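Subject: Structure handover and notes

Hello,

Here is the structure I said I would pass on. Please open it first and keep it beside you while you read my notes below.

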Amino acid sequence: MRSRWLLALIATAVAIVAVGVYGLATAPGAVVASPSPRPGLSGEPTGKPPLTLTFEPTSEPTSEPTSEPTPTAGPELTTARYFAAWQTGDLPSMNGLVADPPADFAERHRRFDAELRVSSLSLNPGELSRQGEETAEVPFQGVREVTGLGRWTFSSVLRLGLRAGAWKVLWAPETLHPSLKDGGSLRLRETQVRRPTTLTREGLPFPRDSRAGDYLTGLGGTAVLLSLEEASSGRVLLTSQPPPSTGTGTRTTISRSVQAAAARALDGLGQPAAIVAVDVETRQVRAVADTLGAKQAFNGLYPPGSTFKVVTAAALLRTGLTPESPVACPATYTIPNARSFTDADGADHGTVTLTTAFALSCNTTFVQHAYERLRDDRLRAEAADRFGFREKPGLSSCRIRPSADLNELGSDAIGQNSAQASPLCMAEVAAAVASGVWKPAIMTAEPPADSPPPVPLDDGVAAGLRTMMSAVVTQGTAAQAGLPPDTAGKTGTAEVGGAKSHAWFIGYRGPLAFAVFVQNGGAGGAVAAPIAARFLKAL
């Protein structure tokens, strides 16, 4: 019972601390829920951002240290505050809760995560136990995500003591990890090893500068085996999977021509970007060209912007709207008793069909109808149940949470706030429209045993979405991008607070569905859609 009470208290403290670190900056390329942009940056305006309880080690917290516990507060409160601050990366507050912290307390934490390439941290405290009148301790489990290695679990103990009438954390290096006790240290070791040749599905070598090296071994003849070790003993705590000793000439699902087209479409681009293409029927990955790094084309979480209107439109069609339904597309729309939303072009288009509103990417239309038709968690349910926006096994990452209020619902409806997706996730969305069935992407001949089951879309919904996505290319925001005939798609301009918007274009043509993403690239119609045109024309 005490453990449950402590968890509840920690949850409360997380909320408190999260507010304090709301303005944390993140390092370039860090994968986090995007901060709330200011309306009018570019593209579609957004709502409030989702809180993230993931510690980004390269952030520079700006919040003031948490005030010291009162003399009457027990060790439970100090414990809750410390874990909450640690989980959100609030190093000043952590420092303020430690008895006699070392002068380099914050720097030790930052250096630990930087040197070991830790990208996130989650904590699970156990039950607090008193060791006497003036001491206590809490065992806890932790999971760190190490770039290139994956999940790294560890166990440690948070010790506390009563100092001058207040409970303080008795910090030691082993609080970070037990291997640091008595002057111990950890290191990442990179070892070059031979690996077999990996071929395309046709049995051919991968194209030059394929930009797929993060996803497939055997493209350059050698591989790096990464291991996390105790420096003194050499004991290996975590290691990457070694390449197989057999299987030379292993074929993949990648098509050489599609991969070459994707890689060359990114040539000369100044911003990090990715193109992912999947087979519409099998969902096998046919190309992945990625300059984002760290497999972000599959695993990264970015606001999808107006490409998410495909999901919102599906939910609206399910409520009885049709592509021909008349809807308003004003320059500004205010949710009753909530905030206002504006369109990127600032124009009042009057009453148009739902197809035209989709083609013009009218934020106001989709916010209004989300308010009128998709409350009571209907939007989130559509995204999670029919388009894979949930925790699931598989290659892609995407998520959305229940809207806390009408402002969040409006922002979610246009692909901001808590709606987040990787490029592969959005390629899956496009493939679902093309085929009428959502299925997860795979890089094997058959889906894995734990693969989520296919989810058919209603025939009328799928047909309506195809009509609307075709209009985007023929008369909407992608009409000037030079896309080849029979292409259908959706542009997206996802606002990012304090930075240039992300540029998106998702779509399908013939047997392929795809997503183009340019990090901080600007407007989707002006940047991502022309890249998609280069990709498709090179096939």
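Is Val310 buried or exposed? Val310 is buried, because its relative accessible area is 0%; buried means under 20% relative accessible area, exposed means over 50%, and partly exposed is in between (1.4 Å probe, protein chains only).

Before the rest, two remarks on how to read the values. This is a predicted model, in which local features need pLDDT of at least 70 and side-chain atom pairs count only at pLDDT 80 or more, while totals for chains, interfaces and linings use all residues. Residues are numbered from 1 along each chain as its sequence is written, and side-chain values use heavy atoms, with hydrogens and water left out.

Back to Val310. This residue is found in helix α8 (residues 309-318); helices (H or I, at least four residues) and strands (E, at least two) are DSSP runs, numbered from the N terminus. Leaving out residues up to four places away in sequence, Val310 touches Phe358, Val429, Val433, Leu465, Met469, Lys490 and Ile506, where contact means heavy atoms within 4.5 Å. Lys490 is 180 residues from Val310 along the chain, and the C-alpha atoms of the two are separated by 7.6 Å.

The sheet

Five strands form an open sheet, in the order β12-β11-β23-β22-β21, with antiparallel pairing. Two strands pair if DSSP finds at least two bridges between them. β12 (285-290) and β21 (488-496) stand at the edges with a single partner strand each, so one side of each has no neighbour in the sheet. On average, neighbouring strands of this sheet are turned by 10 degrees against each other, direction ignored. For such angles, axes are lines fitted to C-alpha atoms (for helices over the stretch in contact), and angles run from 0 to 180 degrees between N-to-C directions.

Strand β11 (residues 273-279) is joined to β12 by five bridges and to β23 by seven, both antiparallel. Towards β12, Ala277 stands opposite Ala287, and Val276 has Val288 as its bridge partner. Towards β23, the bridge partner of Ala274 is Phe517. In a regular strand the side chains alternate between the two faces of the sheet. In β11 both faces are covered: Ala273, Ile275, Ala277 and Asp279 on one side, and Ala274, Val276 and Val278 on the other, are all buried. The hairpin of β11 and β12 has five residues between the strands, and Arg283 there takes a positive phi near 65 degrees.

Helix α6 (residues 256-265) lies across β11, β12 and β23 (512-518), and runs at about 20 degrees to β12. Gln259 is in this helix and counts as buried, because its relative accessibility is 0%. A polar atom of the Gln259 side chain lies 2.7 Å from the backbone oxygen of Ser210. Among the residues in contact with Gln259, leaving aside neighbours within four places in sequence, are Ser210, Arg286, Ala287, Val288 and Ala289.

Aromatic rings

How many aromatic pairs does a search of the whole structure find? The search finds 13. Rings of Phe, Tyr and Trp (its six-membered ring) pair if their centres lie within 6.5 Å; planes under 30 degrees apart count as stacked, over 60 as edge-to-face and the rest as tilted. Phe112 and Trp152 form a stacked pair, at 6.2 Å centre to centre and with 15 degrees between the planes. Phe112 lies in helix α4 (residues 105-115) and Trp152 in strand β4 (residues 150-163), so the pair ties together parts that are 40 residues apart in sequence. Both Phe112 and Trp152 are buried. Ring pairs also link Tyr82, Phe83, Trp86, Phe140 and Phe154 into a cluster.

Arg339 lies over the face of Phe341, 3.8 Å from the ring centre, and Arg375 lies over the face of Tyr371, at 4.3 Å. A charge sits over a ring if NZ of Lys or CZ of Arg is within 6 Å of the ring centre and within 35 degrees of the ring normal.

Loops

Ala294, in the loop between β12 and α7 (296-299), has a positive phi near 55 degrees. Ala294 is partly exposed, with a relative accessible area of 43%. Ser361, in the loop between α9 (354-359) and α10 (363-373), has a positive phi near 60 degrees, but Ser361 is buried, at 6%.

Regards

Terms used:
A polar contact is a pair of N or O atoms within 3.5 Å; within protein, one must be able to donate a hydrogen and the other to accept it, and residues adjacent in sequence count only if both atoms are side-chain atoms.
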